[in-house]
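Open the model in your viewer and keep the selection panel at hand. The tour goes stop by stop.

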Amino acid sequence: MSERREATPAAGREAWRLCVAPMMDWTDRHCRWFHRQLAPHARLYTEMVATGAVVFGDADRHLAFSPEERPVAVQFGGCDPDHLARCAELAEARGYDEVNLNCGCPSPRVKAGAFGAVLMLEPENVAACVAAMRRATSLPVTVKCRIGVDDHDRLDFLCRFVETVARAGCEVFVVHARKAWLEGLSPRENREIPPLDHERVYRLKEAFPELVIVLNGGIRTPEEALSHLAQVDGVMIGREAYANPWVLPAFERALFDPAFGPTRRAVLERVVAYAREMHGREGVPVHAVARHLLGLANGLPGARHFRRILSEETRGREVDPRILLDAWARVRDPEEVALTHA
Ligand SMILES: Cc1cc2nc3c(=O)[nH]c(=O)nc-3n(C[C@H](O)[C@H](O)[C@H](O)COP(=O)(O)O)c2cc1C
(Lines give C-alpha, C1' and ligand atoms only; values in the text may rest on other atoms or scores of the structure.)
Protein backbone atom coordinates (compact mmCIF):
# COMPACT_ATOMS: atom_id res chain seq x y z
CA MET A 1 0.00 0.00 0.00
CA SER A 2 1.38 3.40 -0.87
CA GLU A 3 1.46 6.03 1.85
CA ARG A 4 -0.06 8.98 0.06
CA ARG A 5 -3.34 7.34 -0.83
CA GLU A 6 -5.61 9.43 -3.06
CA ALA A 7 -8.99 10.38 -1.78
CA THR A 8 -11.78 8.60 -3.65
CA PRO A 9 -12.89 10.59 -6.68
CA ALA A 10 -16.17 11.48 -4.95
CA ALA A 11 -14.15 13.32 -2.29
CA GLY A 12 -11.16 14.27 -4.37
CA ARG A 13 -12.19 15.43 -7.82
CA GLU A 14 -9.76 18.35 -7.32
CA ALA A 15 -7.00 15.79 -7.91
CA TRP A 16 -7.76 15.90 -11.65
CA ARG A 17 -8.04 19.69 -11.99
CA LEU A 18 -4.78 19.94 -13.99
CA CYS A 19 -3.33 16.93 -15.78
CA VAL A 20 -0.41 16.55 -18.17
CA ALA A 21 -1.28 14.08 -20.93
CA PRO A 22 0.24 10.67 -21.59
CA MET A 23 2.45 11.05 -24.67
CA MET A 24 4.33 8.13 -26.11
CA ASP A 25 8.08 8.65 -26.32
CA TRP A 26 7.66 12.09 -24.68
CA THR A 27 6.31 11.80 -21.13
CA ASP A 28 8.87 9.33 -19.86
CA ARG A 29 10.08 9.50 -16.27
CA HIS A 30 12.64 12.22 -16.95
CA CYS A 31 10.10 14.42 -18.67
CA ARG A 32 7.68 13.93 -15.79
CA TRP A 33 10.36 14.82 -13.25
CA PHE A 34 10.99 18.04 -15.17
CA HIS A 35 7.28 18.83 -15.47
CA ARG A 36 6.85 18.27 -11.75
CA GLN A 37 9.24 21.17 -11.09
CA LEU A 38 7.06 23.37 -13.27
CA ALA A 39 3.64 22.44 -11.88
CA PRO A 40 3.70 21.00 -8.36
CA HIS A 41 -0.05 20.32 -8.32
CA ALA A 42 -0.42 18.76 -11.75
CA ARG A 43 -1.32 15.14 -12.15
CA LEU A 44 1.19 13.54 -14.52
CA TYR A 45 0.52 10.59 -16.82
CA THR A 46 3.04 8.06 -18.09
CA GLU A 47 3.34 7.14 -21.73
CA MET A 48 1.08 4.25 -22.65
CA VAL A 49 2.62 0.98 -21.45
CA ALA A 50 1.39 -2.10 -23.32
CA THR A 51 0.25 -4.76 -20.86
CA GLY A 52 2.25 -7.42 -22.69
CA ALA A 53 5.47 -5.51 -22.01
CA VAL A 54 4.75 -5.64 -18.28
CA VAL A 55 3.28 -9.13 -17.99
CA PHE A 56 5.81 -10.87 -20.23
CA GLY A 57 8.67 -8.37 -20.25
CA ASP A 58 10.77 -6.28 -17.94
CA ALA A 59 8.11 -4.85 -15.58
CA ASP A 60 10.75 -3.08 -13.49
CA ARG A 61 12.02 -1.13 -16.45
CA HIS A 62 8.58 -0.22 -17.79
CA LEU A 63 7.21 0.90 -14.44
CA ALA A 64 10.25 2.66 -12.96
CA PHE A 65 9.70 6.19 -11.72
CA SER A 66 10.87 8.55 -8.96
CA PRO A 67 8.60 9.26 -5.99
CA GLU A 68 9.07 13.02 -6.53
CA GLU A 69 7.04 12.70 -9.74
CA ARG A 70 3.88 11.95 -7.80
CA PRO A 71 0.99 12.16 -8.16
CA VAL A 72 1.50 9.99 -11.25
CA ALA A 73 -1.00 7.89 -13.17
CA VAL A 74 0.26 4.96 -15.20
CA GLN A 75 -1.55 4.41 -18.47
CA PHE A 76 -1.91 0.88 -19.77
CA GLY A 77 -2.79 -0.26 -23.26
CA GLY A 78 -4.46 -3.64 -23.38
CA CYS A 79 -7.76 -5.50 -23.60
CA ASP A 80 -7.23 -8.64 -21.56
CA PRO A 81 -8.84 -8.30 -18.12
CA ASP A 82 -6.38 -10.70 -16.46
CA HIS A 83 -3.34 -8.91 -17.88
CA LEU A 84 -4.74 -5.53 -16.95
CA ALA A 85 -5.49 -6.76 -13.44
CA ARG A 86 -1.90 -7.97 -13.06
CA CYS A 87 -0.61 -4.62 -14.33
CA ALA A 88 -2.86 -2.72 -11.90
CA GLU A 89 -1.59 -4.81 -9.02
CA LEU A 90 2.03 -4.13 -9.97
CA ALA A 91 1.30 -0.42 -10.42
CA GLU A 92 -0.07 -0.16 -6.92
CA ALA A 93 2.90 -2.06 -5.48
CA ARG A 94 5.25 0.37 -7.28
CA GLY A 95 3.51 3.40 -5.72
CA TYR A 96 1.52 4.86 -8.61
CA ASP A 97 -1.54 6.95 -7.78
CA GLU A 98 -3.90 5.87 -10.53
CA VAL A 99 -4.30 3.27 -13.23
CA ASN A 100 -5.60 4.57 -16.55
CA LEU A 101 -6.82 2.50 -19.48
CA ASN A 102 -6.16 3.79 -22.99
CA CYS A 103 -9.35 3.80 -25.08
CA GLY A 104 -8.28 6.58 -27.42
CA CYS A 105 -5.19 5.59 -29.38
CA PRO A 106 -5.98 4.87 -33.06
CA SER A 107 -2.49 3.80 -34.22
CA PRO A 108 -2.49 0.79 -36.56
CA ARG A 109 -0.21 -1.17 -34.23
CA VAL A 110 -2.49 -0.57 -31.26
CA LYS A 111 -5.57 -1.30 -33.33
CA ALA A 112 -4.02 -4.59 -34.46
CA GLY A 113 -3.65 -5.47 -30.78
CA ALA A 114 -7.42 -4.78 -30.38
CA PHE A 115 -6.92 -2.05 -27.79
CA GLY A 116 -6.82 1.74 -27.73
CA ALA A 117 -9.62 3.59 -29.56
CA VAL A 118 -11.26 0.42 -30.98
CA LEU A 119 -12.25 -0.39 -27.40
CA MET A 120 -14.84 2.39 -27.60
CA LEU A 121 -16.79 0.00 -29.83
CA GLU A 122 -16.77 -2.62 -27.06
CA PRO A 123 -17.97 -0.94 -23.87
CA GLU A 124 -18.84 -4.28 -22.25
CA ASN A 125 -15.28 -5.47 -22.75
CA VAL A 126 -13.93 -2.22 -21.29
CA ALA A 127 -16.29 -2.66 -18.33
CA ALA A 128 -14.90 -6.17 -17.78
CA CYS A 129 -11.35 -4.78 -17.89
CA VAL A 130 -12.20 -2.03 -15.41
CA ALA A 131 -13.94 -4.49 -13.09
CA ALA A 132 -10.91 -6.80 -13.15
CA MET A 133 -8.53 -3.91 -12.40
CA ARG A 134 -10.76 -2.68 -9.61
CA ARG A 135 -10.63 -6.11 -8.00
CA ALA A 136 -6.84 -6.05 -8.22
CA THR A 137 -6.18 -2.58 -6.80
CA SER A 138 -7.68 0.03 -4.54
CA LEU A 139 -6.21 2.81 -6.72
CA PRO A 140 -8.64 4.81 -8.86
CA VAL A 141 -9.13 3.02 -12.19
CA THR A 142 -9.79 5.61 -14.90
CA VAL A 143 -10.33 5.68 -18.67
CA LYS A 144 -9.03 8.01 -21.38
CA CYS A 145 -11.16 7.99 -24.51
CA ARG A 146 -12.25 10.05 -27.53
CA ILE A 147 -15.70 11.54 -28.13
CA GLY A 148 -16.30 8.82 -30.75
CA VAL A 149 -14.77 6.61 -33.41
CA ASP A 150 -15.52 6.53 -37.16
CA ASP A 151 -19.22 7.13 -37.71
CA HIS A 152 -20.03 6.43 -34.09
CA ASP A 153 -19.81 10.07 -33.24
CA ARG A 154 -23.04 11.10 -31.57
CA LEU A 155 -23.47 12.12 -27.96
CA ASP A 156 -25.60 9.06 -27.19
CA PHE A 157 -22.78 6.74 -28.34
CA LEU A 158 -20.36 8.47 -25.95
CA CYS A 159 -22.92 8.42 -23.12
CA ARG A 160 -23.60 4.71 -23.61
CA PHE A 161 -19.89 3.97 -23.48
CA VAL A 162 -19.38 6.03 -20.32
CA GLU A 163 -22.48 4.67 -18.60
CA THR A 164 -21.46 1.04 -19.24
CA VAL A 165 -17.89 1.58 -18.07
CA ALA A 166 -18.94 3.67 -15.07
CA ARG A 167 -21.19 0.82 -13.91
CA ALA A 168 -18.04 -1.30 -13.56
CA GLY A 169 -16.57 1.27 -11.17
CA CYS A 170 -14.75 3.83 -13.31
CA GLU A 171 -15.46 7.26 -11.84
CA VAL A 172 -13.02 9.36 -13.86
CA PHE A 173 -13.06 9.83 -17.65
CA VAL A 174 -10.48 11.85 -19.54
CA VAL A 175 -12.01 12.75 -22.88
CA HIS A 176 -9.98 13.89 -25.88
CA ALA A 177 -12.58 16.11 -27.51
CA ARG A 178 -12.25 14.82 -31.06
CA LYS A 179 -13.20 11.52 -32.58
CA ALA A 180 -10.70 9.07 -34.06
CA TRP A 181 -10.81 7.59 -37.52
CA LEU A 182 -9.65 3.98 -37.34
CA GLU A 183 -8.76 3.85 -41.05
CA GLY A 184 -6.93 6.27 -43.27
CA LEU A 185 -5.39 8.72 -40.81
CA SER A 186 -2.00 8.52 -39.14
CA PRO A 187 -1.94 8.92 -35.34
CA ARG A 188 -0.69 12.46 -35.85
CA GLU A 189 -3.48 13.30 -38.30
CA ASN A 190 -5.93 11.80 -35.82
CA ARG A 191 -4.79 14.47 -33.35
CA GLU A 192 -5.27 17.27 -35.87
CA ILE A 193 -7.88 16.54 -38.52
CA PRO A 194 -11.06 15.48 -36.69
CA PRO A 195 -12.44 18.77 -35.34
CA LEU A 196 -12.38 19.55 -31.65
CA ASP A 197 -15.78 19.57 -29.96
CA HIS A 198 -15.37 20.80 -26.40
CA GLU A 199 -19.14 21.34 -26.11
CA ARG A 200 -19.62 17.59 -26.48
CA VAL A 201 -17.57 17.02 -23.34
CA TYR A 202 -19.57 19.68 -21.46
CA ARG A 203 -22.76 17.78 -22.44
CA LEU A 204 -21.21 14.56 -21.16
CA LYS A 205 -20.55 16.22 -17.81
CA GLU A 206 -24.15 17.44 -17.70
CA ALA A 207 -25.34 13.89 -18.33
CA PHE A 208 -23.09 12.43 -15.62
CA PRO A 209 -22.62 15.09 -12.95
CA GLU A 210 -21.49 12.50 -10.42
CA LEU A 211 -18.49 11.44 -12.55
CA VAL A 212 -15.18 13.25 -12.78
CA ILE A 213 -14.87 14.48 -16.36
CA VAL A 214 -11.52 15.78 -17.57
CA LEU A 215 -11.43 17.65 -20.87
CA ASN A 216 -8.47 17.19 -23.20
CA GLY A 217 -7.57 18.55 -26.62
CA GLY A 218 -6.23 21.85 -27.89
CA ILE A 219 -5.89 23.64 -24.55
CA ARG A 220 -3.02 26.10 -24.68
CA THR A 221 -3.54 28.83 -22.10
CA PRO A 222 -4.55 29.09 -18.44
CA GLU A 223 -7.45 31.34 -19.52
CA GLU A 224 -8.83 28.58 -21.73
CA ALA A 225 -8.38 26.10 -18.90
CA LEU A 226 -10.29 28.29 -16.45
CA SER A 227 -13.14 28.69 -18.88
CA HIS A 228 -13.37 24.88 -19.35
CA LEU A 229 -13.19 24.38 -15.60
CA ALA A 230 -16.47 26.25 -15.26
CA GLN A 231 -18.02 23.26 -17.11
CA VAL A 232 -15.90 20.21 -16.27
CA ASP A 233 -13.81 18.94 -13.36
CA GLY A 234 -10.38 18.96 -14.92
CA VAL A 235 -8.27 19.82 -17.93
CA MET A 236 -5.49 17.78 -19.51
CA ILE A 237 -2.73 19.53 -21.43
CA GLY A 238 -0.67 17.60 -23.98
CA ARG A 239 1.39 19.07 -26.79
CA GLU A 240 1.50 22.62 -25.46
CA ALA A 241 2.98 21.46 -22.14
CA TYR A 242 5.66 19.51 -23.95
CA ALA A 243 6.56 22.00 -26.66
CA ASN A 244 6.36 25.03 -24.42
CA PRO A 245 6.99 23.81 -20.89
CA TRP A 246 7.11 27.32 -19.45
CA VAL A 247 3.31 27.47 -19.77
CA LEU A 248 3.08 24.99 -16.90
CA PRO A 249 3.99 27.47 -14.13
CA ALA A 250 1.33 29.80 -15.57
CA PHE A 251 -1.25 26.98 -15.30
CA GLU A 252 -0.05 26.27 -11.76
CA ARG A 253 -0.51 29.94 -10.80
CA ALA A 254 -3.92 30.29 -12.41
CA LEU A 255 -5.33 27.03 -11.04
CA PHE A 256 -3.62 26.59 -7.67
CA ASP A 257 -0.95 28.90 -6.32
CA PRO A 258 -0.73 32.53 -7.49
CA ALA A 259 2.61 32.90 -5.69
CA PHE A 260 4.34 30.07 -7.58
CA GLY A 261 7.29 31.64 -9.34
CA PRO A 262 10.49 29.72 -9.96
CA THR A 263 12.93 31.10 -12.52
CA ARG A 264 13.85 28.94 -15.47
CA ARG A 265 17.43 28.92 -14.30
CA ALA A 266 16.43 27.66 -10.84
CA VAL A 267 14.47 24.85 -12.49
CA LEU A 268 17.44 24.05 -14.71
CA GLU A 269 19.75 23.83 -11.70
CA ARG A 270 17.44 21.26 -10.15
CA VAL A 271 17.32 19.32 -13.39
CA VAL A 272 21.13 19.30 -13.50
CA ALA A 273 21.24 17.79 -10.00
CA TYR A 274 18.65 15.20 -11.08
CA ALA A 275 20.54 14.37 -14.27
CA ARG A 276 23.72 13.96 -12.25
CA GLU A 277 22.01 11.60 -9.84
CA MET A 278 20.40 9.54 -12.63
CA HIS A 279 23.71 9.39 -14.46
CA GLY A 280 25.59 8.28 -11.37
CA ARG A 281 23.02 5.81 -10.11
CA GLU A 282 21.55 4.33 -13.29
CA GLY A 283 23.94 5.37 -16.05
CA VAL A 284 21.26 7.52 -17.72
CA PRO A 285 22.92 9.63 -20.45
CA VAL A 286 22.43 13.38 -20.11
CA HIS A 287 20.68 13.50 -23.46
CA ALA A 288 17.81 11.35 -22.12
CA VAL A 289 16.98 14.21 -19.75
CA ALA A 290 18.11 17.13 -21.95
CA ARG A 291 15.84 16.19 -24.87
CA HIS A 292 12.76 17.21 -22.88
CA LEU A 293 14.08 20.70 -22.14
CA LEU A 294 14.33 21.98 -25.71
CA GLY A 295 11.37 24.34 -25.31
CA LEU A 296 12.41 25.80 -21.95
CA ALA A 297 13.98 28.92 -23.44
CA ASN A 298 11.26 29.52 -26.05
CA GLY A 299 10.61 33.19 -26.62
CA LEU A 300 13.86 34.35 -24.99
CA PRO A 301 16.98 35.74 -26.68
CA GLY A 302 19.51 32.91 -26.86
CA ALA A 303 16.86 30.17 -27.19
CA ARG A 304 18.28 28.89 -30.44
CA HIS A 305 21.78 28.50 -28.97
CA PHE A 306 20.30 26.67 -25.96
CA ARG A 307 18.39 24.25 -28.21
CA ARG A 308 21.42 23.63 -30.39
CA ILE A 309 23.70 22.73 -27.47
CA LEU A 310 21.03 20.48 -25.99
CA SER A 311 20.38 18.61 -29.19
CA GLU A 312 23.94 18.38 -30.51
CA GLU A 313 26.29 18.32 -27.55
CA THR A 314 24.60 16.18 -24.90
CA ARG A 315 24.77 12.87 -26.71
CA GLY A 316 27.93 11.22 -25.42
CA ARG A 317 27.68 8.77 -22.53
CA GLU A 318 30.12 10.75 -20.39
CA VAL A 319 28.85 14.29 -20.96
CA ASP A 320 28.68 16.23 -17.67
CA PRO A 321 25.13 17.39 -16.82
CA ARG A 322 26.57 20.85 -16.17
CA ILE A 323 26.44 21.34 -19.91
CA LEU A 324 22.77 22.25 -19.42
CA LEU A 325 23.78 25.31 -17.41
CA ASP A 326 26.54 26.17 -19.85
CA ALA A 327 23.92 26.07 -22.61
CA TRP A 328 21.84 28.52 -20.59
CA ALA A 329 24.69 31.04 -20.33
CA ARG A 330 23.64 32.92 -23.46
CA VAL A 331 19.92 32.97 -22.66
CA ARG A 332 18.62 36.36 -21.49
CA ASP A 333 15.68 35.81 -19.16
CA PRO A 334 14.11 39.09 -17.96
CA GLU A 335 12.62 37.33 -14.90
CA GLU A 336 16.09 36.29 -13.80
CA VAL A 337 17.49 39.77 -14.39
CA ALA A 338 14.63 41.31 -12.37
CA LEU A 339 15.47 39.02 -9.46
CA THR A 340 19.17 39.82 -9.63
CA HIS A 341 18.42 43.55 -9.43
CA ALA A 342 15.69 43.28 -6.80
C1 LIG B 1 3.66 12.37 -29.32
C2 LIG B 1 2.33 12.02 -28.72
C3 LIG B 1 2.15 10.79 -28.12
C4 LIG B 1 0.92 10.46 -27.55
N5 LIG B 1 0.81 9.26 -26.87
C6 LIG B 1 -0.34 9.00 -26.20
C7 LIG B 1 -0.43 7.86 -25.35
O8 LIG B 1 0.54 7.09 -25.16
N9 LIG B 1 -1.62 7.63 -24.72
C10 LIG B 1 -2.71 8.47 -24.89
O11 LIG B 1 -3.77 8.23 -24.29
N12 LIG B 1 -2.63 9.56 -25.67
C13 LIG B 1 -1.47 9.85 -26.29
N14 LIG B 1 -1.37 11.00 -27.03
C15 LIG B 1 -2.53 11.92 -27.09
C16 LIG B 1 -2.45 12.96 -25.96
O17 LIG B 1 -2.52 12.34 -24.71
C18 LIG B 1 -3.62 13.96 -26.08
O19 LIG B 1 -4.83 13.25 -25.97
C20 LIG B 1 -3.61 14.71 -27.42
O21 LIG B 1 -2.31 15.15 -27.76
C22 LIG B 1 -4.58 15.91 -27.37
O23 LIG B 1 -4.21 16.83 -26.38
P24 LIG B 1 -3.40 18.20 -26.74
O25 LIG B 1 -4.19 18.88 -27.83
O26 LIG B 1 -3.38 18.99 -25.47
O27 LIG B 1 -2.06 17.79 -27.23
C28 LIG B 1 -0.16 11.36 -27.61
C29 LIG B 1 0.03 12.61 -28.22
C30 LIG B 1 1.25 12.94 -28.76
C31 LIG B 1 1.44 14.31 -29.40
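A nonpolar core here is a set of buried Ala, Val, Leu, Ile, Met, Phe, Trp, Tyr and Cys residues joined through C-beta atoms within 7 Å. Keep in mind that this is a predicted model.

**Stop 1: the cores.** Select Cys19, Phe173, Val175, Ile213 and Val214. Of the 79 residues in the largest nonpolar core, these five touch the most other members. Now centre on Phe173. Leaving aside residues up to four places away in sequence, Phe173 touches Val143, Cys145, Val162, Leu211 and Ile213. Then move to a second, separate core, which has 19 residues. Phe34, Leu293, Phe306 and Ala327 are among them.

Stop 2: Where the two meet, domain 1 gives 10 residues to the contact and domain 2 gives 12. Which helix supplies the largest share of the domain 1 side? Select α2, residues 29-38: six residues of that side come from this helix. By class, the side of domain 1 that touches domain 2 has seven nonpolar residues, three polar and no charged.

**Stop 3: the ligand.** Show the residues around the ligand. The shell numbers 22, and the closest are Ala21, Met24, Met48, Gly238 and Arg239. Two elements give two or more residues to this shell: β2 (43-50) and α11 (239-243). Colour the shell by class and you get nine nonpolar, eight polar and five charged residues.

**Stop 4: Arg203.** Find Arg203 in helix α9, residues 198-207. Is Arg203 buried or partly exposed? Arg203 has 16 C-beta neighbours inside 10 Å, so it counts as partly exposed. Burial would take 20 or more, and exposure 12 or fewer. Finish by drawing a C-alpha to C-alpha distance from Arg203 to Leu155: they are 7.9 Å apart in space and 48 residues apart in sequence.

How values were computed: Residues numbered from 1 in each chain as written. Predicted model: local features only at pLDDT ≥ 70, side-chain atom pairs only at ≥ 80, totals over all residues. Near = placed C-beta within 6 Å. Helix = DSSP H or I, 4+ residues; strand = E, 2+ residues; numbered from the N terminus. Nonpolar A, V, L, I, M, F, W, Y, C, P; charged D, E, K, R; others polar. Contact = placed C-beta atoms within 7 Å.
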